[in-house]
Amino acid sequence: MILLWAVIAGFIAGLARAMIGRRAYRAPNVRHFWLVFLAFLPQFFAFNLGATRSSFPDRAIPLVLVSSQTVLLLFTALNIAVPGFWVLGSGLALNFLVILANRGMMPISPEVVGRLLPANTPPGLWAVGERFGLGKDVVLNQGDTVLWFLSDIFVLPLPQAHRWAFSIGDVLIAAGAFWLLWRMGAPQPARQSDREISGTISEMQ
Amino acid sequence: MKNAFALFVAKIDVRIVLFVLVIALFALAAGAPSATITIGG
């Protein structure tokens, strides 16, 4: 959800930028966008859809994550010429790297889990070496984590019930998404490097 | 306010909606943040 906020903020900021400058809000042309839907679908059943995620076997999670992110890497490579995609792709690559190096799941340390969960959390809800809840993470001690610095090591200082742990890759993905959508409202000269422009929200009167 | 919303909707191209959707799904699938709520299922 935290990444969706970056998308929403980027869209609103880019649209406002276009409206204030009395310009069109335009989307760059992306190739093979269906790959993103293909990549998201298994994750939707594994992590998002309430009816399936609780019964989704933990042993299948690494396969879902690795195959899904491989498809996203292919999509990124096909569209790397689109400005902003290299930021998205860098974040994806960093997350993919640490996931691949740690049993096919995103590592999170017991210390970070401790900062994430309320102090009165009942024992037995999580364990080292096990999947963390119904998410993409596996709880691993820092010493057992390969490329620890790329794992979920940051925690937003929000009220405890709304805290998130995230990685450097997540930061780049959020920044890349925001930048792409913000840039769509930029003046024409800034977009001249786009290979093709299509789709517009006409100038607001 | 109602007129502004109608103007906004009228001027949205389907490719804009599709692109924003693609970026949102990409971010969801590529990112791996962990939330407190995750533990609750």
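Q: What makes up the secondary structure of chain B in this predicted model, and in which order do the elements run?
A: Chain B of the predicted model has two helices and one strand. From the N terminus on, these elements follow the pattern α-α-β.

Q: How many of the residues in chain B count as buried, and what makes a residue buried?
A: A residue is buried if 20 or more other C-beta atoms lie within 10 Å of its own. By that criterion, 46% of the 41 residues in chain B are buried.

Q: What is the corresponding description of chain A?
A: Chain A comprises seven helices and six strands, arranged along the sequence as α-β-α-α-α-α-β-α-β-β-β-α-β. Of its 205 residues, 41% count as buried. The C-alpha trace of chain A spans about 60 × 35 × 35 Å along its principal axes.

Q: Which residues count towards the contact between the chains, and how many come from each chain?
A: Two residues are in contact if their C-beta atoms, placed from the backbone, lie within 7 Å. The contact takes 55 residues from chain A and 26 residues from chain B. On the side of chain A that touches chain B, helix α1 (residues 2-20) of chain A gives the largest share, six residues. By class, that side of chain A has 35 nonpolar, 15 polar and five charged residues.

Q: Why is the packing of α1(A) and α2(B) called roughly antiparallel?
A: Angles over 145 degrees count as roughly antiparallel. α1(A) and helix α2 (residues 14-30) of chain B pack at an angle of about 155 degrees, with their axes 8 Å apart. The two helices are therefore roughly antiparallel to each other. The crossing in which α1(A) passes α2(B) is right-handed.

Q: Which residues of α1(A) and α2(B) meet, and what is their class?
A: From α1(A), Leu3(A), Leu4(A), Ala6(A), Val7(A) and Phe11(A) meet Val20(B), Ile23(B), Ala24(B), Ala27(B) and Leu28(B) of α2(B). This contact has ten nonpolar, no polar and no charged residues.

Q: What makes α1(A) roughly parallel to α7(A)?
A: Angles under 35 degrees count as roughly parallel. The axes of α1(A) and helix α7 (residues 168-183) of chain A cross at roughly 20 degrees and come within 7 Å. That angle makes α1(A) roughly parallel to α7(A). The crossing of this pair is right-handed.

Q: Which classes of residue form the contact of α1(A) with α7(A)?
A: Among the residues that meet are Ala6(A), Gly10(A) and Arg17(A) in α1(A) and Asp170(A), Ile173(A) and Phe178(A) in α7(A). By class, the contact of α1(A) with α7(A) has 13 nonpolar, two polar and three charged residues.

Q: How do you know that β5(A) and β1(B) pair, and in which sense?
A: Two strands pair if DSSP finds at least two bridges between them. Strand β5 (residues 164-166) of chain A and strand β1 (residues 34-35) of chain B have two bridges, and the pairing is antiparallel. In β1(B), Ala35(B) is the bridge partner of Trp164(A).

Q: Why do β4(A) and β1(B) stand at the edges of the sheet?
A: Three strands form an open, antiparallel sheet in the order β4(A)-β5(A)-β1(B). β4 (154-155) of chain A and β1 of chain B each have a single partner strand, so one side of each is left without a neighbour in the sheet.

Conventions:
Residues numbered from 1 in each chain as written. Chains lettered and ligands numbered in written order. Predicted model: local features only at pLDDT ≥ 70, side-chain atom pairs only at ≥ 80, totals over all residues. Helix = DSSP H or I, 4+ residues; strand = E, 2+ residues; numbered from the N terminus. Nonpolar A, V, L, I, M, F, W, Y, C, P; charged D, E, K, R; others polar. Axes fitted to C-alpha atoms, helices over the stretch in contact; angles between N-to-C directions. Parallel < 35°, antiparallel > 145°, perpendicular 65-115°, else oblique. Left-handed = near helix turned anticlockwise from the far one by under 90°. Buried ≥ 20, exposed ≤ 12 C-beta atoms within 10 Å, placed from the backbone.
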